[in-house]
Amino acid sequence: MNDVYVIGAGIHPFGRHEGKTGLDLGVDATKLAVEDGGIEWEDVQAAFGGSSASGNADAVLPRMGLTGIQFINVANGCATGGSSILSAYWAIKAGEFDTALAVGFDKHPRGSFNPDPVRYGLPQWYGETGMMLTTQFFAMKIQRYMHDYGISAQSLAGVAAKAFENGSKTSHAWRRTPMDADAVLNSRMISDPLTQYMFCSPSEGGVALILASEKKARELGRTQVKLRAAALKTRPENSFEVFSPSLSVERGETPTMLAARAAFEKAGVGPEDIDVAQIQDTESGAEIMHMAENGFCRDGEQEQWIAEGRSAIGGQLPINTDGGCIACGEPIGASGLRQVYENVLQLRGQAENRQVEDPRLAYSQVYGAPGLSAVAILEKG
Amino acid sequence: MAKQQSTSQRRDDLYSPGEGGKVRIVAGKHRQTGQVVFPIPQGAEEGDYKRIELPPSGTLWTYTIQRIPPKNPPFVGINSPEEYQPFAVGYVRLGDEAMIEGRIAGDPERLEIGMPMDCVTMSFPTANGSEMTTYAFAPANGSQS
């Protein structure tokens, strides 16, 4: 088995970009990643990429150069980016290729997503009656979690305030103005208990990463960041997932718990070894629940963590150091790759005034509908 | 399959009339595993499930209030910013069988996790001027002051 390195990383800032297509953002990111990796486009041997709303990701090829490269389009909901990097990781680990691109980009219309029930195997009435909204699921999941584990609305607001604080220090973030917890709490209620600024919004952006085999990374002198493990899991029985007209009465494990466990096992490390983490924060409640689902704390301990700033930069485990989805928005195809991009910067010591002090292990977890989670663990080389 | 056809087929077999204005939600119980799912799967899978009626009352497991208008499609209710009426959605645990997601009738501001709920029907006006009827939940008599 080959070790896998992340040798190049490129991003097109997230946000709203009038006059640019989603594809433009993907091409920009790809060019930057190739340049950052110290290679030429002709040297990239395989590619995996995804876009949810901006066409086929392999439309970057005519713009980058028609080298005959094998390109596989990836579609895996909000975990598309995580799935692309996982595919590139497998391809190199298997020894099939020495270099691979993972790319994702998107450009969504404003406002919440309005998915078609049939695409999720659901009857039309589910959407017609007003239940086909991811926002409702997130609200209902955290509402129950708050009831079970004593999490306060103040903590929900605290997570968003941290995101905006971190976003204000991040050049690729969309929302770059700090906002305090009271302002978050008092913003418009969207779906109780979640207010407008606790939610991320669909946005625009592109990210590309170049992965390489150990041999290639050494040859290029680019062994700063190693991909220690990557894993993806789909929902097991008794998991509470989006778009579920019925649930079993027993609550079981979640796809995030399974993916975290698999990645930690492969990497041979545990949650206590992680120095910086990017975890799915579709809204504040998701970050809180994912803190426990990924193993960083026990259920209910988040209340104290947030009050004490333990997940802020400078805390015990800085979480979502670039402001996460809340500050960056969520272009579906790019979102999971952004997390890895941020971790690459953190491990290289290039995260400017949001730099975590000398991190060795960096963790990322992206969750997507209809219930899957992808984890990647990076290590400083 | 035509969209209209699948919609009407489904709606007919979502609930059965019960006593006192309540309804019983119709679910499928897997013949081997005993797992209860709603609605009953259609197509090749349908034969694996036995049709059962769930208890007409239960408790509220979780809920939220849809404060902003859902997009049309797929939502068919009135969603113009001026006329939109926020509504509650929740999961109600019906016995030991299953938790069912549905709209909650009545005042959305008075809901609490754990409160007793009944299975009922509700109608809401649609954007095209007609009405849609669906199963729903409502706080059980006397549980709201």
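**Exercise 1. The covering of a strand**

How many of the residues of β6(B) are buried?

*Solution.* The model is predicted: local features need pLDDT of at least 70, side-chain atom pairs count only at pLDDT 80 or more, and totals for chains, interfaces and linings use all residues. Residues are numbered from 1 along each chain as its sequence is written, while chains are lettered from A and ligands numbered from 1 in the order in which they are written.

Step 1. A residue is buried if 20 or more other C-beta atoms, placed from the backbone, lie within 10 Å of its own, exposed if 12 or fewer, and partly exposed in between. Helices (H or I, at least four residues) and strands (E, at least two) are DSSP runs numbered from the N terminus.

Step 2. By this criterion, 7 of the 8 residues of β6(B) are buried, and the strand is mostly covered. For chain B as a whole, 35% of the 145 residues count as buried.

**Exercise 2. The interface of chains A and B**

Describe the side of chain B that touches chain A.

*Solution.* Step 1. Counting two residues as in contact if their C-beta atoms, placed from the backbone, lie within 7 Å, 39 residues of chain B meet 30 residues of chain A.

Step 1. Elements giving two or more residues to this side of chain B are α1 (3–12), β5 (57–66), β6 (87–94), β7 (98–104) and β9 (131–139). β5(B) gives the most, with 6 residues.

Step 2. By class, this side has 21 nonpolar, 9 polar and 9 charged residues. Ala, Val, Leu, Ile, Met, Phe, Trp, Tyr, Cys and Pro count as nonpolar, Asp, Glu, Lys and Arg as charged, and the others, Gly among them, as polar.

Step 3. Strand pairing also crosses between the chains: 2 bridges join β9 (residues 246–247) of chain A to β7(B), and the two strands run antiparallel. Leu247(A) has Met99(B) as its bridge partner.

**Exercise 3. Two helices of chain A**

Why can α6(A) be called largely enclosed by the rest of the structure, and what is the state of α13(A)?

*Solution.* Step 1. α6(A) is largely enclosed because 12 of its 15 residues are buried. Among them are Leu156(A), Lys162(A) and Phe164(A).

Step 1. These buried residues pack against elements of chain A including α7 (181–185), α10 (284–293) and α12 (324–328).

Step 2. α13(A) is mostly covered, with 16 of its 17 residues buried. The helix bends by about 25 degrees at Arg338(A), the bend being the angle between axes fitted to the seven residues ending there and the seven starting there.

Step 3. After α13(A) comes Gly349(A), with a positive phi near 75 degrees.

Definitions and conventions. Two strands pair if DSSP finds at least two bridges between them.
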